[in-house]
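Subject: Structure handover

Hello,

Here is the structure for your files. My notes on what was found follow below.

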Amino acid sequence: SATMGKRSSHQQRIIKDYYKNREALMLQRLGEMVTDLYLAEGKKRAGVWKRIAAALENLDVPPARIEHLVASDNAALVADLLKTLMEGK
């Protein structure tokens, strides 16, 4: 039927809230990873960077920006980006 493709405003609100909460959770997790990065060294640090890169990808950060951050190996730059992402919400 024609109504199958239509979502009620209630459903739309649930979906919107889900994505908003999901993004907030992702930002929170990214914050935890930044803390891990400050503390990590050697092989463990590379693993944290891998997780951070994946998280940034999920948050729609452009790949070039992610590459630049990973290459910099600078936790403060990720912390600055996190602040920017949180202010944009």
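The radius of gyration is taken here over C-alpha atoms, and the globule rule is 2.2 Å times the number of residues to the power 0.38. By that rule a compact globule of 89 residues would come out near 12 Å, but the protein has 17 Å. Please keep in mind that this is a predicted model.

Overall form: along the principal axes, the C-alpha atoms fill a box of roughly 60 × 20 × 20 Å. The secondary structure consists of 4 helices and 0 strands, in the order α-α-α-α along the sequence. Among contacts with a separation of 6 or more, 56% join residues 24 or more positions apart.

One residue was looked at in detail. R45 is found in helix α2, which covers residues 42-58. Is R45 buried or exposed? R45 counts as buried because its relative accessible area is 18%, and the cut-off for buried is under 20%. Its side chain reaches two backbone oxygens: that of L37 at 2.7 Å and that of A40 at 3.2 Å. Leaving aside residues up to four places away in sequence, R45 touches L37, A40, D73 and A75.

Regards

Terms used. Residues numbered from 1 in each chain as written. Predicted model: local features only at pLDDT ≥ 70, side-chain atom pairs only at ≥ 80, totals over all residues. Heavy atoms only, no water. Helix = DSSP H or I, 4+ residues; strand = E, 2+ residues; numbered from the N terminus. Contact = heavy atoms within 4.5 Å. Buried < 20%, exposed > 50% of the residue type's maximum accessible area, 1.4 Å probe, protein only. Polar contact = N/O pair within 3.5 Å; in protein donor to acceptor, adjacent residues only side chain to side chain.
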